Amino acid sequence: VEPVVVTHLIAQQTVVCQGWIKSLEKQHQSGTGFERQVHAFRIHQVHGILAWMQEISTKSQNNSSEKFT
C-alpha cells in the first residue's frame, strides 16, 4: 500500500475513533458500577488504537519510499 494511502486511511480512522471516544465518554458518565469499568476499558482500547495508528502514520511518513504490504 502506498504511504499516501496509508496516511489517508489513518486520517479517516482517526475521525471514527474520536467519535467512539466521545460516545463512550458520554456512556461512561451515565453508567454505574461495572458499566463504568467496561466503558473505561473500551476508552483505553480506542486510545491504544489511536496511538498505534499514529505510530504507523509516523513510520509511513519517515519511509515514504516504502510500500506497506
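Predicted model: local features only at pLDDT ≥ 70, side-chain atom pairs only at ≥ 80, totals over all residues.

Colleague: Okay. How many helices and strands does the protein chain have?

Modeller: There are 2 helices and 0 strands in the protein chain.

Colleague: And the overall dimensions, what box do the C-alpha atoms fill?

Modeller: Along the principal axes, the C-alpha atoms take up a box of roughly 50 × 15 × 15 Å. The radius of gyration is 15 Å, whereas a compact globule of 69 residues would be near 11 Å.

Colleague: What share of the residues is buried?

Modeller: Buried residues account for 22% of the 69 in the protein chain. The accessible surface is about 5200 Å², and carbon and sulfur atoms hold 57% of that.

Colleague: Which residues form the largest nonpolar core?

Modeller: That core has 10 residues: Val6, Ile10, Cys17, Ile21, Leu24, Ile43, Val46, Leu50, Met53 and Ile56. Both α1 (3-30) and α2 (34-62) supply at least two residues each to this core.

Colleague: Then contacts. Of those between residues at least 6 apart in sequence, what share joins residues at least 24 apart?

Modeller: That share is 66% in the protein chain.

Colleague: Switching to charges, how many positive and negative side chains are there?

Modeller: The protein chain carries 6 positive and 5 negative side chains, with the centres of the two sets 8 Å apart.

Colleague: Now some single residues. Where is Gln37, and is Gln37 buried or exposed?

Modeller: Gln37 sits in helix α2. Gln37 counts as exposed because its relative accessibility is 56%, and the cut-off for exposed is over 50%.

Colleague: How far is Gln37 from Asn62?

Modeller: Their C-alpha atoms are separated by 38 Å, with Gln37 and Asn62 25 residues apart along the chain.

Colleague: What about His8, which helix is that in?

Modeller: His8 belongs to helix α1, and at 46% relative accessibility His8 counts as partly exposed. From His8 to Ile43 it is 35 residues in sequence and 23 Å in space, C-alpha to C-alpha.

Colleague: Last one, Gly19. Where does Gly19 lie?

Modeller: Gly19 is in helix α1 too. With 36% relative accessibility, Gly19 counts as partly exposed.

Colleague: And how far apart are Gly19 and His47 in space?

Modeller: C-alpha to C-alpha, Gly19 and His47 are 12 Å apart, and 28 residues apart in sequence.

Technical notes
Residues numbered from 1 in each chain as written. Heavy atoms only, no water. Helix = DSSP H or I, 4+ residues; strand = E, 2+ residues; numbered from the N terminus. Rg over C-alpha atoms; globule rule 2.2 N^0.38 Å. Buried < 20%, exposed > 50% of the residue type's maximum accessible area, 1.4 Å probe, protein only. Contact = heavy atoms within 4.5 Å. Areas by Shrake-Rupley, 256 points an atom, 1.4 Å probe, with all protein chains shown as cover. Lys, Arg positive; Asp, Glu negative; His and termini not counted. Charge placed at Lys NZ, Arg CZ, Asp CG, Glu CD. Core = buried A, V, L, I, M, F, W, Y, C linked by side-chain atoms within 4.5 Å.
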